[in-house]
Amino acid sequence: MDSDKIKVMKNEERGFMKQIMGVYDADPFYADRFVEFANQKEQIPFTAVAFTGITKLQAYSQRQPLDLLLVGDDIDMAQLAEVKAEQIVRLSERREIISGEIPAVYKYQASDAVLREVMACYRVNPERVPLTALGIKSTVMGVYSPVNRCGKTGFCMTLGQILSRESRALFLNLEEHSGMSRLTNTEYVTSLSDLIYEYRQGGYTHMSIGTVLHNWGGLDYVPPAAYAEDLAELKGDELAELIARIAADGIYEVILIDIGNLGRGIEPLLELCNVIYTPIKEDCVSAAKLEAWQNYLEESGRNHLWEKVRLLRLPRPGAVWQTETYLEQLLWGEMGDFARNLLKGQRGGDKM
């Protein structure tokens with residue numbers, strides 16, 4: 001890879017200038033691999049450039065100052081005196097990171113974890129980030145049902161993975177107890193709770209999403225809130241405003257939301273959706289709950305939301321599957337076929 005040939009390009013669709021992240025490490029294979037990985041991440045507003053020599057790094061930064069520079073543990077900080085970089089983050093070779101003036105992340109962990117921690121270290125001044133041009137937003141798909149145990153979570157993860165194969169898609173799970181950590185076999189350090197906190201403190205920028213992001217089967221997702229209280233304390237309109245802000249950033253073409261059971265605070269979220277998929281079951285109790293919800297929307301003057309609703313009779317899983325492979329089996333089983341046909345328009349929800 002010839003780092004000097006990498007140029008800064010303006011992404012008009014997203015409405016902000018790509019910033020430059022330099023990676024300076026004595027191991028050329030590590031620097032090149034990490035840069036290649038980072039440049040594939042659409043949601044990261046950086047163009048990454050690899051350097052293995054101080055001379056090229058100094059010359060490059062004189063022509064194009066770096067917004068962020070990652071440096072290996074074996075790099076002498078005195079060498080960086082003539083390097084123009086707004087912020088520096090250390091790539092530490094030890095898990096036990098000693099706090100200091102320069103933030104550090106552990107170098108030898110999964111690349112997405114390194115990138116997530118780097119984004120958490122990086123702090124951008126909000127006024128430097130212009131908002132996306134008015135009118136450029138993500139398509140928002142909501143999944144909500146007043147009926148319990150209707151297969152909603154499995155459908156969301158399956159639909160999201162299929163969406164991600166054709167577009168930049170983000171999945172947000174708003175359930176209080178989703179079980180996603182068990183389903184994905186992933187221990188989350190950050191979650192939607194962190195994103196909510198940052199937004200409420202006024203520190204949210206288009207980079208914030210990168211600090212909490214995970215990926216499953218090609219689908220970017222934010223882990224659900226760590227505590228149910230974080231969702232309970234947040235008003236529905238606040239949550240809708242946060243998601244609208246993410247949609248306005250234009251990073252993702254599609255945002256898929258598992259709305260969960262947020263009580264009467266769901267209406268602002270439903271207003272945000274372009275379409276609302278509603279899984280149902282064929283029994284008298286489920287039918288009664290669906291009718292009660294429809295009546296509520298009509299009596300509260302929100303009948304227009306019902307026009308967005310697409311009722312879905314999801315296929316039922318056959319055998320009892322293992323937790324570790326549940327999502328994969330859904331993707332390549334009847335649920336996956338159902339979701340693919342739904343997106344193709346060959347099979348979808350019916351109105352009642």
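**Reading helix packing and sheets**

Colleague: Which residues in α4 meet α13, and which in α13 meet α4?

Modeller: On the α4 side F155, T158, L159, I162 and L163 do, and they meet M335, G336, F338, A339, R340, L342 and L343 in α13. Contact means heavy atoms within 4.5 Å. By class, this contact has 9 nonpolar, 2 polar and 1 charged residues. Ala, Val, Leu, Ile, Met, Phe, Trp, Tyr, Cys and Pro count as nonpolar, Asp, Glu, Lys and Arg as charged, and the others, Gly among them, as polar.

Some ground rules before we go on. This is a predicted model, where local features need pLDDT of at least 70 and side-chain atom pairs count only at pLDDT 80 or more, while totals for chains, interfaces and linings use all residues. Residues are numbered from 1 along each chain as its sequence is written, and side-chain values use heavy atoms, with hydrogens and water left out.

Colleague: What angle do α4 and α13 pack at, and how far apart are their axes?

Modeller: In general, two packed helices are described by the angle between their axes and the distance between the axes. Here α4 (residues 152–164) and α13 (residues 334–344) pack at about 55°, axes 9 Å apart. That makes α4 oblique to α13; under 35 degrees would be roughly parallel, over 145 roughly antiparallel, 65 to 115 roughly perpendicular, and the rest is oblique. Axes are lines fitted to C-alpha atoms, for helices over the stretch in contact, and angles run from 0 to 180 degrees between N-to-C directions. Helices (H or I, at least four residues) and strands (E, at least two) are DSSP runs, numbered from the N terminus.

Colleague: Is the crossing of α4 and α13 left-handed or right-handed?

Modeller: α4 passes α13 in a right-handed crossing. A crossing is left-handed if the near helix is turned anticlockwise from the far one by less than a right angle, and right-handed if clockwise.

Colleague: On to sheets. What is the strand order in the sheet of 5 strands?

Modeller: Strands of a sheet pair through backbone hydrogen bonds, either parallel or antiparallel. This open sheet runs β4-β3-β5-β6-β7, with parallel pairing. Its edge strands are β4 (46–51) and β7 (104–106), each pairing on one side only, and the twist averages 25° from one strand to the next. Two strands pair if DSSP finds at least two bridges between them. For instance, β3 (residues 19–24) and β5 (residues 68–72) pair over 4 bridges, and G22 stands opposite L69 in β5.

Colleague: Which strands does α1 lie across?

Modeller: α1 (residues 28–39) lies across β3, β4, β5 and β6 (88–92), at about 170° to β4. Then α3 (residues 111–121) lies across β3, β4, β5, β6 and β7, at about 165° to β7. The two helices pack at about 75°, axes 10 Å apart, and are therefore roughly perpendicular to each other. Y30, F34, F37 and A38 of α1 contact S111, D112, V114 and L115 of α3.

Colleague: How many strands does the open sheet with mixed pairing have?

Modeller: It has 7, in the order β10-β11-β9-β12-β8-β13-β14. Its edge strands are β10 (214–216) and β14 (309–312). Look at β8 (residues 139–143): 3 bridges pair β8 with β13 (residues 275–279) in the parallel sense, and 5 bridges join β8 to β12 (residues 254–258), also parallel. M141 has L256 as bridge partner in β12 and stands opposite V275 in β13.

Colleague: How many residues of β8 are buried?

Modeller: 4 of its 5, so to speak mostly covered. Buried means under 20% relative accessible area, exposed over 50%, partly exposed in between (1.4 Å probe, protein chains only).
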